[in-house]
Amino acid sequence: VPKEWLLNEAYIEKDGRRIVDAANNNLHIIGYSAPVDAVMDLADLQPHLHSVEASPDAIPYINSYYRPEWGFCISHRDRMAMEPGRYHVRIDSKLFDGSLTYGEIKIPGREKRELFFSTYVCHPNMANDQVSGIVVLMALAEWLSTRDNRYSTRIVFVPEMIGSAAYLSRHLREMRELIVAGLVVACVGDERAYGYMPSRHGNTLADRLIKEILRGKPNLQRFSYLWPNRGADERNYCMPGVDLPVASFFRSKYGTYPEYHTSLDDLSLITPCGLADSFDALKSFVEITEANVLFKTAAVGEPMLGKRGLYPAALTHHAGLEHEISLIMNLLAYADGTHDLLDLAEIIDAPAMECARVAKKLVDAGLLSGVGLAATPRHYLAVVPEC
Amino acid sequence: VPKEWLLNEAYIEKDGRRIVDAANNNLHIIGYSAPVDAVMDLADLQPHLHSVEASPDAIPYINSYYRPEWGFCISHRDRMAMEPGRYHVRIDSKLFDGSLTYGEIKIPGREKRELFFSTYVCHPNMANDQVSGIVVLMALAEWLSTRDNRYSTRIVFVPEMIGSAAYLSRHLREMRELIVAGLVVACVGDERAYGYMPSRHGNTLADRLIKEILRGKPNLQRFSYLWPNRGADERNYCMPGVDLPVASFFRSKYGTYPEYHTSLDDLSLITPCGLADSFDALKSFVEITEANVLFKTAAVGEPMLGKRGLYPAALTHHAGLEHEISLIMNLLAYADGTHDLLDLAEIIDAPAMECARVAKKLVDAGLLSGVGLAATPRHYLAVVPEC
Amino acid sequence: VPKEWLLNEAYIEKDGRRIVDAANNNLHIIGYSAPVDAVMDLADLQPHLHSVEASPDAIPYINSYYRPEWGFCISHRDRMAMEPGRYHVRIDSKLFDGSLTYGEIKIPGREKRELFFSTYVCHPNMANDQVSGIVVLMALAEWLSTRDNRYSTRIVFVPEMIGSAAYLSRHLREMRELIVAGLVVACVGDERAYGYMPSRHGNTLADRLIKEILRGKPNLQRFSYLWPNRGADERNYCMPGVDLPVASFFRSKYGTYPEYHTSLDDLSLITPCGLADSFDALKSFVEITEANVLFKTAAVGEPMLGKRGLYPAALTHHAGLEHEISLIMNLLAYADGTHDLLDLAEIIDAPAMECARVAKKLVDAGLLSGVGLAATPRHYLAVVPEC
């Protein structure tokens with residue numbers, strides 16, 4: 001963990017006028033900049049100026065944690081307007097033995113085992129690439145607090161990479177024991193796309209869940225875990241020796257949209273609808289995980305459905321019920337005690353939540369039961385208290 | 001099992017003239033109709049009349065086992081010709097504690113283990129969807145009776161669903177022990193298509209056999225076991241807890257051809273050639289199962305074929321023998337004791353019967369032997385008495 | 001093994017003039033021809049003459065080991081020029097209990113376990129289909145002699161089929177114990193193509209290596225092990241009961257190029273560049289096998305790369321290093337002790353040698369280690385002395 005960085009002020013003056021001032025926009029200063037107080041020619045200042053020629057109004061967001069450096073980020077338009085002359089550059093900053101701040105919310109469930117959600121909190125001023133993750137996870141925490149949850153939930157808000165590494169260093173053992181499935185949630189506020197990245201080998205319950213939840217979403221983008229796709233805290237959560245069942249959920253993924261890591265990633269980019277859809281996806285993640293048990297038919301052979309009101313009595317009375325009957329018949333056929341809800345949804349090619357709804361009807365009719373799940377490399381669940 | 005239904009007579013009279021009479025065509029009455037004897041207006045009769053508007057000459061075939069109902073099935077043309085007025089409707093039927101009749105043929109083989117074939121016998125007047133299955137399985141039984149069979153054979157003729165459920169309730173235990181591979185045989189009389197449906201997970205010997213037998217057939221249609229594809233006794237034979245190694249074999253599958261479940265599914269639909277081709281497919285099913293052993297080469301390395309007359313001595317004398325030599329060489333290469341005949345046919349991409357013929361030559365030449373097969377989830381055979 | 005064949009002379013004379021003489025080109029005589037000394041009409045001689053009508057200047061190469069026969073091979077042009085008349089045909093040859101000569105080179109390595117290379121030496125006059133394999137394997141032997149090899153190497157030069165069968169009959173047991181991976185090397189002198197044939201089931205280390213080595217090569221041709229693709233000593237090395245981990249490496253494969261088995265397969269067909277490229281491929285085969293260990297990261301989670309000089313300190317300094325950083329990051333992510341170098345190359349989709357180079361940097365930085373490999377069906381290596 002690097003030292004804590006404190007910035008008092010940072011500006012560039014010319015002829016006594018502050019032409020760049022971090023007090024106006026804290027993107028103007030390269031994060032972790034070393035102190036400087038000097039007067040220099042524009043030519044000497046240029047190597048310390050950063051702008052995006054292709055996006056002349058954007059102030060880029062840059063930091064340098066591990067290499068002593070100083071610099072200012074400005075729009076390319078402003079940079080071009082700078083005239084030769086003497087510039088007074090001042091950065092009053094210091095590094096000191098401070099502390100690393102992270103947030104953690106724990107919501108108890110009927111089981112000790114946990115769902116896990118993580119987002120980062122270290123990107124100043126970013127909307128989609130920062131605020132959206134916090135907002136959606138706060139809403140999720142609020143929703144979870146109002147309901148009877150099967151699993152306990154752990155939500156963390158950490159400085160990217162450094163924070164998750166620090167958090168893991170204290171909690172890895174219990175997390176490996178408790179976490180059933182998790183998501184890194186980032187860039188979830190816009191409406192332009194849906195995207196996900198699997199865990200390292202793509203074979204955990206979280207991977208099956210994220211695919212199910214995003215099945216059929218418009219403009220769905222799949223990323224592999226290979227560098228440089230990965231770029232947030234999954235870099236820690238999924239590495240060898242950690243190997244938590246954690247996938248990543250995005251709308252427009254970091255690094256792939258034009259406003260990324262500039263001042264243009266502002267609140268105009270994220271929408272109530274984008275945030276709400278992302279929140280709904282996370283609710284599905286929770287609900288499907290809760291409903292994901294092994295199902296087993298009670299009968300040997302095909303049970304009589306008509307007398308239980310689950311099947312029309314005459315062949316002429318099927319109209320409009322075909323889809324429901326198919327779900328019933330196919331759940332009964334494949335619920336042999338070896339397939340969980342997600343398997344069944346994949347075999348039947350129907351949404352897991354719809355399968356869960358119909359499975360509930362069959363459980364209520366005494367035709368199906370949820371059975372104990374052995375812990376497996378796919379992070380199956382060990383006990384099924386109820387269906 | 002529902003009660004037995006006896007129909008004495010069923011007709012609709014107008015002005016003393018019988019305009020619909022089950023004595024003329026037993027499709028006219030909805031199977032299992034409750035008794036009625038009443039005079040009513042056409043408007044009141046209409047809900048009890050069934051016809052197919054799109055196929056105005058067809059009398060539909062309908063029954064209602066589990067919901068008390070009565071009705072008549074007529075051609076749409078006749079229905080349209082009915083004039084307003086008073087109709088005398090009479091159905092003299094009764095339900096009583098009767099019996100369920102099914103047929104069973106058992107043909108002994110050198111082994112106790114069995115091949116299994118099933119067709120249904122409850123569809124009145126249907127040709128492809130009824131008679132064809134009975135005819136082809138009777139021919140198969142006759143053929144099996146004339147030969148020295150490796151496996152014993154069990155052929156059942158049952159009322160659909162109810163009959164197979166009843167039969168399973170008495171024989172499931174022995175069937176699970178004895179049956180090596182089986183087929184539901186239905187709709188096998190026309191020449192328009194070939195089709196098959198695998199067992200529930202598609203991983204039994206029956207599944208491998210039906211695919212091999214129908215390989216390369218024209219207009220081959222593959223159905224999954226998912227509802228509503230399945231629709232006959234495989235609904236019982238393949239369900240969880242039963243799980244017999246049973247696939248389904250069709251020509252034009254039930255539910256997929258225009259004459260299905262109407263009076264148009266008559267003898268004009270099925271042909272001697274259609275029935276004979278289906279019979280040949282079933283013979284292949286038997287013959288390939290009998291020949292399906294693990295093969296193992298006797299030699300280490302490639303044996304000398306020339307001195308055994310299996311390979312031309314000079315490179316200039318191959319003409320016309322290339323295919324036979326390829327079969328010989330590839331059987332020898334892959335017969336390592338881990339592949340059975342069906343595996344070899346798939347690896348070599350040649351028909352199993354052709355592989356069996358060449359394997360026989362190699363066995364006779366002392367180059368190959370059939371070896372004991374362990375029982376496996378693919379329903380491998382436990383003992384190989386001869387090749 | 002057939003008897004040894006000695007040819008003293010073989011010619012066809014007409015009017016005292018030798019019009020065909022094996023002394024001019026030993027392709028003129030069918031290999032293993034029986035002795036003959038007779039005067040006959042052209043019509044009687046014709047069945048003993050062989051030429052290629054489609055390639056009128058080519059003298060075909062034919063032999064007949066197992067069927068007593070005699071004959072001459074000539075260009076079709078010369079054959080057409082032969083006029084009716086009396087021909088004196090003389091073949092002075094004899095069969096006797098001789099010996100079978102083969103060559104064997106053994107180069108010791110730090111390990112007893114071996115790499116294996118085989119080529120055939122029985123094709124008179126052939127350039128690509130004979131000399132190329134000998135030349136490239138001699139160069140490989142020379143190169144191996146100058147370096148510190150991890151594995152010992154066994155290179156054999158055998159008469160095709162008969163020689164490898166004889167060699168196996170004496171060495172099979174030790175070869176099965178010692179050989180880690182091997183190649184049949186044949187037809188490796190031209191520049192027209194690259195090709196390979198896997199072992200019988202395509203699942204040995206040799207198969208993984210040959211695919212890696214030829215990855216991305218222009219005009220790459222993949223052959224299955226099925227007859228008639230296979231045609232050289234892999235017919236012995238990979239048969240049931242032998243099952244050595246041996247794949248085949250070609251440029252233009254035997255049987256697939258127009259000059260094959262005729263006098264046109266001469267030195268004009270093979271080029272220094274073609275031979276050198278093949279030699280390089282074999283060197284890669286050796287080097288990758290040596291580098292193929294399981295890799296395991298030392299850290300839990302993602303290690304700090306910047307302070308080790310493996311990662312640029314600021315996001316602005318990545319230019320040109322993206323590819324190297326991706327290799328580093330992806331090796332670290334997937335080096336979990338279950339993947340060897342070839343697995344890693346496949347996961348990361350990068351050349352194995354490049355992965356090996358970067359892995360070496362990471363090993364030197366203390367971030368990665370090569371770990372012991374269990375012997376597996378893929379012929380993994382049992383001990384890893386160094387990375």
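These legends describe close-up views of a predicted model.

**View 1. The interface of chain B and chain C.** Chain B contributes 23 residues to the contact and chain C contributes 21 residues. About 1,900 Å² is buried between chain B and chain C, with carbon and sulfur atoms giving 59% of that area. The interface of chain B and chain C also holds 9 residue pairs in polar contact, with both residues of each pair at pLDDT 80 or more. On the side of chain B that touches chain C, helix H8 (322-334), strand S15 (336-340) and helix H9 (341-348) of chain B each supply at least two residues. H8(B) gives the most to this side, with 7 residues. By residue class, the side of chain B that touches chain C divides into 14 nonpolar, 7 polar and 2 charged.

**View 2. A salt bridge between chain B and chain C.** Asp336(B) and Arg200(C) form a salt bridge, and their closest N and O atoms are 3.0 Å apart. The count of salt bridges between chain B and chain C is 2.

**View 3. The relation of chain B to chain C.** Chain B is superposed on chain C by a rotation of 120 degrees, with 0.0 Å of shift along the axis and an RMSD of 0.1 Å. That is the relation of a three-fold axis.

**View 4. The interface of chain A and chain C.** Here the contact takes 21 residues from chain A and 23 residues from chain C. The area buried between chain A and chain C is about 1,900 Å², and 59% of it lies on carbon and sulfur atoms. Within chain A, the residues that lose the most area to chain C are Leu226(A), Trp227(A) and Pro240(A), which together make up 31% of what that side buries.

**View 5. Polar and charged pairs between chain A and chain C.** Arg235(A) is joined to Glu302(C) by a salt bridge, with the closest N and O atoms 2.3 Å apart. Between chain A and chain C the count is 2 salt bridges. There are 9 residue pairs in polar contact across this interface, both residues being at pLDDT 80 or more. The side of chain A that touches chain C comprises 11 nonpolar, 5 polar and 5 charged residues.

**View 6. The surroundings of Ala298(C).** Ala298(C) sits in the loop between strand S14 (294-297) and helix H8 (322-334) of chain C. Ala298(C) has a relative accessible area of 57% and is therefore exposed. Apart from neighbours within four places in sequence, Ala298(C) is in contact with Gly366(C), Leu367(C) and Leu368(C). Gly366(C) is 68 residues from Ala298(C) along the chain, and their C-alpha atoms are separated by 7.2 Å.

Technical notes. Residues numbered from 1 in each chain as written. Chains lettered and ligands numbered in written order. Predicted model: local features only at pLDDT ≥ 70, side-chain atom pairs only at ≥ 80, totals over all residues. Heavy atoms only, no water. Contact = heavy atoms within 4.5 Å. Buried area = accessible area lost by both parts, 1.4 Å probe. Salt bridge = Lys/Arg side-chain N within 4 Å of Asp/Glu carboxyl O. Polar contact = N/O pair within 3.5 Å; in protein donor to acceptor, adjacent residues only side chain to side chain. Helix = DSSP H or I, 4+ residues; strand = E, 2+ residues; numbered from the N terminus. Nonpolar A, V, L, I, M, F, W, Y, C, P; charged D, E, K, R; others polar. Least-squares fit on C-alpha atoms with pLDDT ≥ 70 in both. Buried < 20%, exposed > 50% of the residue type's maximum accessible area, 1.4 Å probe, protein only.
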